[in-house]
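This briefing goes through a few local features of one protein chain. Please have the sequence and the 3D view open while reading.

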Amino acid sequence: AVNSTNKETPVLVCHGDQDRVVRPELTSSSADYLRAMGRPVEYRVYQGMGHSSSPEEIADFTRFLLI
């Protein structure tokens, strides 16, 4: 069940397309599920990134937190 208290809280989902630990389609389906539950989801895929982070992802995360 979705708690109405935080239903409008935005969610940022990020993933590298070269991740060999967590398959990218799992993250994509998680983002789709959250959207189906009415959550505002921003989904980002980073080309060439594995199971790690990148300067681009950190910049997106920082921007997301400052919204």
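The notes below cover a helix, a surface patch and the salt bridges.

The structure is a predicted model. Its salt bridges number five, and some of them join into a network made of Glu42, Arg44, Asp60 and Arg63.

**Helix H1**
- Helix H1 covers residues 24-36, and its 13 residues should span 18 Å at 1.5 Å a residue. The C-alpha atoms at its ends lie 19 Å apart, which agrees.
- Gly38 follows H1 and has a positive phi, near 90°.

**Nonpolar surface patch**
- Val21, Val22 and Leu26 make up a nonpolar patch on the surface, and together they have about 240 Å² of accessible area.
- Val22 sits in the loop between strand S1 (11-16) and H1. Because its relative accessible area is 31%, Val22 counts as partly exposed.

**Salt bridges**
- Arg23 and Glu25 form a salt bridge through their side chains, at 2.7 Å from N to O. Arg23 is partly exposed at 49% relative accessibility, and Glu25 is partly exposed at 46%.
- Arg35 pairs with Asp32 in a salt bridge of 3.2 Å, N to O. Both residues belong to helix H1 and are three residues apart, about one turn of the helix. Arg35 is partly exposed at 38% relative accessible area, as is Asp32 at 44%.
- Arg63 and Glu42 meet in a salt bridge of 2.5 Å, N to O. This pair links distant parts of the chain, with Arg63 in helix H2 (residues 55-66) and Glu42 in strand S2 (residues 41-46), 21 residues apart. Arg63 is partly exposed, with a relative accessible area of 33%.

Key. Residues are numbered from 1 along each chain as its sequence is written. This is a predicted model: local features need pLDDT of at least 70, side-chain atom pairs count only at pLDDT 80 or more; totals for chains, interfaces and linings use all residues. Side-chain values use heavy atoms; hydrogens and water are left out. Helices (H or I, at least four residues) and strands (E, at least two) are DSSP runs, numbered from the N terminus. The expected span of a helix is 1.5 Å times one less than its number of residues. Patches are made of residues with over 30% relative accessible area and no salt bridge: like charges are joined within 9 Å, nonpolar side chains (Val, Leu, Ile, Met, Phe, Trp, Tyr) within 5 Å. Accessible areas come from the Shrake-Rupley method with a 1.4 Å probe; for residues, only the protein chains shown count as cover. A salt bridge is a side-chain nitrogen of Lys or Arg within 4 Å of a carboxyl oxygen of Asp or Glu. Buried means under 20% relative accessible area, exposed over 50%, partly exposed in between (1.4 Å probe, protein chains only).
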